[in-house]
Amino acid sequence: MVKIRPTTEQDRQALKAAVRRLLPMAGGVSAFEKVTRVNASTLSRYGAPDEAINHMPIDVAMDLMLDTRSNGIVSIMAAQLGYKLVSLGNQNFGNTLPDIGDMSRLSKSVSDVMQEYAQAIADGSITPREKQQIDIEIEEAVQILRAFQRKVDGALSKGGDA
């Protein structure tokens, strides 16, 4: 009997791609295995596109997201369900708008993405390793941008000003 699954192959490959982006941010499979319950070879299978039946268990995914301070996997799940993941805003960002230091960090993170991309395409193509580095820079920039947004949201909700 053929099982009809609610997720598509594309859905499952998108989750595997998120795992591949986050594992390097955790120091790679050898480093990450030290802070979760599965070994490096198993972790490698969770991101491998050709390992269709091997997906990261939810508790290991949570370990990975906490370790990398990224919501990458659960954000993709939310989007696949038709939702947008929004921060609860439980962090205290004060009641002032972002300052010049916040803007500088944001600008640098975006610049790092562009620099990594420019270096990668210098020869007219992007290797898997270069794509991995670009993905890491993008994920870091997204996290900085989200923190910037939360600071703006926190300041406005508390009536803060610059």
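This is a predicted model: local features need pLDDT of at least 70, side-chain atom pairs count only at pLDDT 80 or more; totals for chains, interfaces and linings use all residues.
Residues are numbered from 1 along each chain as its sequence is written, and side-chain values use heavy atoms, with hydrogens and water left out.

The chain comes to seven helices and zero strands, helices being DSSP runs of H or I with at least four residues, strands runs of E with at least two, and both numbered from the N terminus. Read from the N terminus on, the elements go α-α-α-α-α-α-α. Taken along the principal axes, the box filled by the C-alpha atoms is roughly 60 × 40 × 30 Å. Of the 162 residues, 31% count as buried; here buried means under 20% relative accessible area, exposed over 50%, and partly exposed in between, with a 1.4 Å probe and protein chains only. Contacts (heavy atoms within 4.5 Å) were also sorted by sequence separation. Among those between residues at least 6 apart in sequence, 67% join residues at least 24 apart.

Next comes a helix pair. Two packed helices are described by the angle between their axes and the distance between the axes. Helix H4 (residues 58-68) packs on helix H5 (residues 72-80) at an angle of about 120 degrees, and the axes are 8 Å apart. Axes are lines fitted to C-alpha atoms, for helices over the stretch in contact, and angles run from 0 to 180 degrees between N-to-C directions. That makes H4 oblique to H5, since angles under 35 degrees count as roughly parallel, over 145 as roughly antiparallel, 65 to 115 as roughly perpendicular and the rest as oblique. On the H4 side the contact is made by Ile58, Ala61, Leu64 and Met65, and on the H5 side by Gly72, Ile73, Val74 and Met77. By class, the residues of this contact split into seven nonpolar, one polar and no charged. The buried residues of H5 are Gly72, Ile73, Ser75, Ile76 and Ala78.

Arginine 69 sits in the loop between H4 and H5 and has a positive phi of about 55 degrees although it is not a glycine. With 71% relative accessibility, arginine 69 counts as exposed. Just after H5, glycine 82 takes a positive phi as well, of about 90 degrees.

Turning to charges, the structure holds six salt bridges, each a side-chain nitrogen of Lys or Arg within 4 Å of a carboxyl oxygen of Asp or Glu. One of them pairs glutamate 9 with arginine 12, the closest N and O atoms being 3.4 Å apart. Both residues lie in helix H1 (residues 9-25), three residues apart, or about one turn of the helix. Glutamate 9 is partly exposed at a relative accessible area of 38%, whereas arginine 12 is buried at 13%.

Aspartate 102 is where salt bridges meet. Its closest N and O atoms with arginine 105 are 2.5 Å apart, and the two residues are separated by about one helical turn, being three residues apart in helix H6 (residues 100-121). Arginine 105 is partly exposed at 48% relative accessibility, while aspartate 102 is buried at 11%. Aspartate 102 also bridges to lysine 151, with the closest N and O atoms 2.7 Å apart. This second pair links distant parts of the chain, 49 residues apart, with lysine 151 in helix H7 and aspartate 102 in helix H6. Lysine 151 and aspartate 102 are both buried. Through shared partners, Asp102, Arg105 and Lys151 join into one network.

Leaving aside residues up to four places away in sequence, glutamate 137 touches Asp112, Val113 and Glu116. Arginine 150, in helix H7 too, is partly exposed with a relative accessible area of 21%. From C-alpha to C-alpha, arginine 150 and valine 19 are 25 Å apart in space, and 131 residues apart in sequence.

Note on methods. Ala, Val, Leu, Ile, Met, Phe, Trp, Tyr, Cys and Pro count as nonpolar, Asp, Glu, Lys and Arg as charged, and the others, Gly among them, as polar.
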